[in-house]
Amino acid sequence: MNLTHNEALQLTRRQFFGLSSAGIGAAALSTLVNSPAAASTRQVHAAPRAKRVIYLFQSGGPSQLDLFDYKPQLRSRQGDDLPDSIRMGQRLTGMTSGQDAFPVASTQFKFAQHGESGIWMSELMPHTASIADDLCMVKTINTEAINHDPAITYFQTGHQQPGRPSLGAWLSYGLGTENRDLPCFIVLISQGSSKRDSQALFQRLWGAGFLPSEHQGVNFRAGKDPVLYLNNPDGISTDARRRMLDGLAELNQIQHDEFEDPEIHTRIQQYEMAYRMQTSVPDAMDISSEPDDIVDLYGPDARTPGTFAANCLLARRLAERDVRFIQLYHRGWDQHGDLPRDLRLQSGDVDQASAALVKDLKQRGMLDDTLVVWGGEFGRTVYCQGQLTEDNYGRDHHGRCFSIWMAGAGVNAGLTYGETDDFGYNIVKDPVHVHDLNATILHMLGVNHEKLTYRFQGRDFRLTDVHGQVIRPLIA
Amino acid sequence: MQRLYVFAIIALTVPQGAQFAAAVDDPDPTGPVLSLLRELQAKPDELESVAAQLQDRLSKLKADAESSRSMIEDTRHALADQTDAQTAFFANVEKLERALATAKDSLASSETAALEAQNALTELEAARTSIAQQIATHETTLRLVAAARDKRSKEATSATPPPSDVPVDVLAAPSKPVGFVAALASLKENTTATTAATLDRIAAAQTAVETSSISFNRDILPILSNHCFACHGPDAATREAGLLLHEPEGAYGHLESGSVPVVPHDRDASALFNRITASDSNDRMPPADFEKPLTADAIALLSRWIDEGAPWEGHWSFVPPKLPKLPELANANWSRNDIDRFVLARLEREALAPTPEAAPRSLIRRVTLDLTGLPPTPEEINAFLMDNQPGAYERVVDRLLDSPRYGEHKARIWLDAARYADTNGYHIDNERHMWPWRDWAIRSFNTNMSFDRFTVSQLAGDLLPEPTQDDLIATGFNRNHMINFEGGAIPEEYHTQYVVDRVNTTGTVWMGLTVGCAQCHDHKYDPISQREFYQLYSFYYNVPESGLDGNDGNAKPFIQVPSHDEEVELNGIRAYLGLADLAAAVPMPTIDAAQDEWEAKWSKSFDNRWSVLSSASVTGSDGETFTTLEDHSILAGDENPAQTTYEVTAPLADSVVSALRLEVLRDESLPKGGPGRAENANFVLTDFEVEILRASTDAEPLSIEFASAAADFSQKNYEIAGAIDENVESGWAGLGDNSPRKRMAVFIARDPTHIEAGSQIRIRLKHNSKSAGHGIGRFRLSTSSDESLAPSRFGNWYTNGPYRAVDGKTAYDTTYEPETGIDLQATYEDGRMKWVETTPGYEDGKVHRLSGDIAATYLYRTINSPNSRTMQLALGSNDAIKVWLNGEVVHDNNVERGFTLDQDQVSIRLIEGENALLMKVVNYGNDYAFSFRKASEQSSEIPLNTELILASTDRDESETRKLRNYYRERYSPVWQRIIAKRDELREREKQIVAKIPTTMVMKEMSDPRDTHVLVRGQYDQKDKRVNPATPNALPPMPDGSNANRLGLAQWLVDPAHPLTARVITNRYWQHHFGTGIVKTVEDFGAQGERPTHPALLDWLATEFIDSGWDTKHIHRLIVTSATYRQSSQSTFDLNDRDPENRLLARGPRFRMDAEVIRDSSLFVSGLLVERQGGPSVRPYQPPGIWKEVAYGANFTAQVFEPDVGDNLHRRSMYTFWKRQAPPPNMMLFDAPNRETCVVRRERTNTPLQALALMNDPQFVEAAHALAHRMVEDGGENVRDRIAYAFELATSRPPRDREWRILLDVFEAQRSEFMITPDAALTLLAECDSTREGAAELAAYSVIANLILNLDETLTKG
């Protein structure tokens, strides 16, 4: 018998899970700090600012050139072919690689600077503009992926090909939960208003990969069963369920007495937690107790379950309940054509609610330990896809630079980080790679991205593979 | 096949032929006989003569019958001859194909040999360089050693020099690459003195294996691998300081610095010890920034290892397993088979005792779940309890191994390894169809296919000498990977992923190696270089597939998999179709005679139609001369220019010219007898132009335009139409692959031309093709005045509409007034609708937009035909279209579709004179358009080209056949029946073929792709070219095997392969015990776990091989062992000592897999539908799960529609697996998402599992069904009923205490439902029950739900 350290930890971990009410990830943490005694979140890192993350993922690739990365020089180059000196023969997607020309399309939207920080934003994001001074705007995020599936898989799992655990699963594994009645990692999905089919999502994006499946994200859905199979069948009262569970626990206990299998105790505990979730989840999802002015802050959509606005409000409620990682996906940002029309619709879906979330967290004092991230899997090209006309254009995928913003715990608010060239095509200063972003997010949570590893197929895997640097300037 | 033909000939053709032969001469042979009899009665005096006549008549009939019979015989013989000839022909083809294949093979192998030679040369060069470097290093070492020795001897110490010679076999540790041993041996020869010290230390290390308490493999390798190999291991690219610790030569050799990493028995002299214990953090290894510091325990172990002589072993899993000696045991009675001896030996060493055997009920439950994936029934349990004869348990095992459920259960486990799914994965995630492969896997387990055959079939079934359909289906294993279809993705990038996936999967499933680590760089821990990864890659890179092919259904290559019934039916159909072809050539005397008559009649009328041009004058353009022969034909001679125009001028006798005929004739003076002037006797007539030179000479010549042309034969791509089109170079040629023959062509004028008397005709035969010298050799021209040859004339289009309607169907179905009769002057709908003549008219063959949305529009025109004839129209419409001719519906296509030209082909029958054509085009919404075109028309009964054949007197075989077919199809009722049947069967064949499922397979490209090492694994970064080969650290491929997939598969199951048998039996062990003997079933490399029972694993592996890779045999051995039969009861102490039961001091106990849990619930409740195989099914899942993430309805498998009926209750292995959003109640219980290969599932215990088991409609429904079962079959009282359900679920009756708990819940629940009857009815509504006693039934349902949630129900224990 020669268990490795890691395996021994997992063993105890499994038994630890159902029984402990707090600090569930402690066992995994001990591997991060190499001291079993230091099994507490607080001791992970000198001073982790963030306790939880709300990740507002904009699936499809929002156009940085029409939202955040202001390039006034492009106006005078409208329709010109993108110079080879800028494009440098980089690979393009199969959708535009056959185009004869790459005409520059300048944005149709007006930009202005906002707040004391003077962060640039387009007219499509008026509410977000109002929280400019709370934001850390990164204009130089970059990725090698040029298509949706590999790009979004890269952002969420640190690898372009399927098979790795997602960011939330890593955090569940590494930090565990602080709420014994709700999952540690919750996913909320909304559909965009743009007129084209939304790009697909995949359950692997919130999957556990090779981590134990208890770390996979739990999709909270609008409707009767926010969590799959949450509700008792019609006709089964709460009393009936309680009675059934009591009988079940008693019988399972008899089984335990005979077989001495600790797994049976765990199962008893899991049924208890399931029972608690039957109350705690609807409670978390029920916004009827929210005052009107709070709901109004998130905008009219907030009253329609399943919208991005409603999901933002839920995200705040889940954050209040100490859910570790709340992942939103808003679909529909893939503007290959009809960008002016569709981008306006998409921005309308998210602008007010994203800003409201930050404001709401702030007024509750929760922004100090909650990290909010807003961004997609890549940006969009400066050149037009399809016909460029006076009032219409489209943009293909562009991974070489694009913008995201972060707010809350630990971020350097008011900062605009990184510079792109006059075409918004290449980075000229301070690049932030996908791995860097993930390393930085982990750092803000007090986790050393090089130490959060899991042994699989003989290798110690981590979210950032063998890459990634914490970008210190992003952190206050 | 031949027998089938003969059978079918007799069954189908002959009876019909006989019937035909008897019927043709006299439509009713009995009629005359009857009338004769009547005469006989009326006039008895004429009896004699009538009797004689009757006699004659009868003999004649008899003779007819005889001749019919002999004709049948002849037919039969003729057919037999045909069949023989065909067989001989196919045999020849086959022979040729074989010869071709052999030639190709030898070409390929000589190419491969050349390449291999080149590679070998490169490697040799590299080896030479490396040896030279090593020599240099060792010389340096030698100098340093010598210096040190000098220094030491000067210091007058007593150090003795190391022994100077070490036997070579000491070096040949099994794990060492042969190449290195050889290199080292030669190195030793050259530099014995320089390496002596290193070799000495290696020898010491080898010896220490015997004496040391430390196991290198168990204790040291994991530390070195985990903490050191990243910089000092197999990956040459990241190696630091020239130090390699994965080979003894590195560990005991000299570094450039002169220091030695490991000196046996001398920790202070060992650089390794000094560096791991260095106090200066800059010197200490591993470096701090590596983030993997050594624990104090590890340092202690390494130190002790050096102290005890630093024993070194080859990596255990790379040494082929040998049948181990059976251990000596203190307790000799416990073991049931040899497995137990190894387990008990370990327990005795640990001072542990095995747990007593499990109770019989536990035992039969455990083994039934393990072998079939379902619990035993109470009847099976009772039968076992009642069987007191020895071997009762073994009989149960045999029964289970024979059960078809066994194959399903084992195949289900294999699906994870094979990453089986029903969608293509990646972005769009369309549906695919691989279930024929799944069915194959089930069959293979049930027939206990030997594992080596199972392996070869899946990896290379297509390359077997005579692959069966099953062999081909099996290769789908390597096509189960994901396939992309994202719009902008780059095909090569994904093609690379597919091949990488195959390599990784083979590595995991058969070799237990993480070969995928070497995709981007040399493996960090195991001896697999990046180059070797791509050598494996190249085995799988020769599939004719494309990178982005996951659009819909299966991606190429795939095969059709007909069911048995389909195959039988297709064989029958194809036999008949072959027969119909043969029958066409068989003479049918009566009909053939009728044909002769018909031919004579037609050729006469045909001849009458033409007037041969005589007294013509001819000129050529470049030096030819022309001779007019007696038959008025013209023969060209002398010069044969490259291009030329013949100009013929002749007086005209007729007053009308409606067509011209050109006969191209043979002549002895021409090459090969003509008819062309080219060497091969061919000609190309590029243009045929005709003018009338009017009698009044000053008038312009009148040129004749042609509407169409026909020829008795046109060479492919040289159609006759080319002679009258605008293109100067296109033209008519008549040779083809036939032997040279005379040819005939007819040119039909657009309008019959009336000519004043005395006019002349001028004809130009132009030869302007690229083929030089292809003039016509001899020809004759005729004209015809027959106006019936002229084409029909079309009137202008009139339109009427649009008539709007609520929807397209209504518009189509409504009879608007224009349909009721054509009156171009009439107005409809209060004058709003009327006929409008189109200006400019709609041009034929073009798309024309119509206006209106959801409406009908009418179009009308006349067709004026010179005689009654048929015409073919080609129509396009968006959407529906209906056509009337002269008031009759001739086409009726109510369809919603996009527009393309010529979508519908319509044949119409015109009457002589004016015909009225009405079309109704209906729009279902959006685009609205139509097109109209005459495809062809036949001016006479017989098509022109057939007529030309008719006119010819010396037909060749193909012409004779064409004519015969033509005649028989029209005039022979027997033949018409054969044709009708043939067409019907062809249609049926098409339908069957369209319905036959397909499955993806592997296939080799005849022209293999070049494989290159890909730098950092990037698809577009190609480095050196490599050939298929297996890794060097493993034994070579067996002699005589090819470097292809077949060779790879044979190599994997070669008894000399150290990994396969171990890896597979280890996973079989995992099936039963939950954990493998090697826990990391997917990794037998340096980073993997060591086996807990190495000798047992070797014993199982050798037993597996020796049994002929008999899978059932291994399962039987495991489940009949005493080890397996132990009770799974544990104790606090044992849990503490061995929480994972790795020592096997108790029986296995763990939660069952997702599929087993669901299947068992359905089984226990009586819902399970046990139908084996077939397409995947869609049982309940919460709504919206697909839609929430899916792309859009334009693709398949994007919208979930649950099945109904039986398909809701099939075993879970048949549940439709969508990779993007797999079945949730499977995923919650740790099923993998099937994106990549998985051979070990996690086993978690979560609240979401509890929610699913309590509330998932599938489990709720199972509880209802179980409640019904309790009431109906469980006896009369509550106690019995509860006990019944409890036993169904747990395989044992409840104890009193347990029963009381259940009863309490039941009573309380029943009381609650008595007070709230609505709740009881609501609960039961889902199973359609509203009868009396709902409260009680609902309470039973709650109890059933509780029982189905018991830990014991979910656990195999």
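**Close-up views of backbone features in chain B**

**View 1. Leu1144(B), a residue other than glycine with positive phi.** Leu1144(B) is placed in the loop of chain B that runs between α32 (1132-1137) and β32 (1150-1151), where helices (H or I, at least four residues) and strands (E, at least two) are DSSP runs, numbered from the N terminus. The model is predicted, so that local features need pLDDT of at least 70 and side-chain atom pairs count only at pLDDT 80 or more, while totals for chains, interfaces and linings use all residues. Residues are numbered from 1 along each chain as its sequence is written, chains are lettered from A and ligands numbered from 1 in the order in which they are written, and side-chain values use heavy atoms, with hydrogens and water left out. Phi of Leu1144(B) is near 65°, and with 4% relative accessibility this residue counts as buried (under 20% relative accessible area, with a 1.4 Å probe and protein chains only).

**View 2. His632(B), not a glycine, with a positive phi of about 70°.** The loop between β4 (624-628) and β5 (634-638) of chain B holds His632(B). The relative accessible area of His632(B) is 36%, which makes the residue partly exposed, that is, between the buried limit of 20% and the exposed limit of over 50%.

**View 3. The cis peptide bond between Met285(B) and Pro286(B).** Omega of this bond is about -10°, and Pro286(B) belongs to the loop between α9 (271-276) and α10 (296-307) of chain B.

**View 4. The cis peptide bond between Asn878(B) and Asp879(B).** Here omega is about 15°, and Asp879(B) is located in the loop between β23 (869-878) and β24 (880-885) of chain B.
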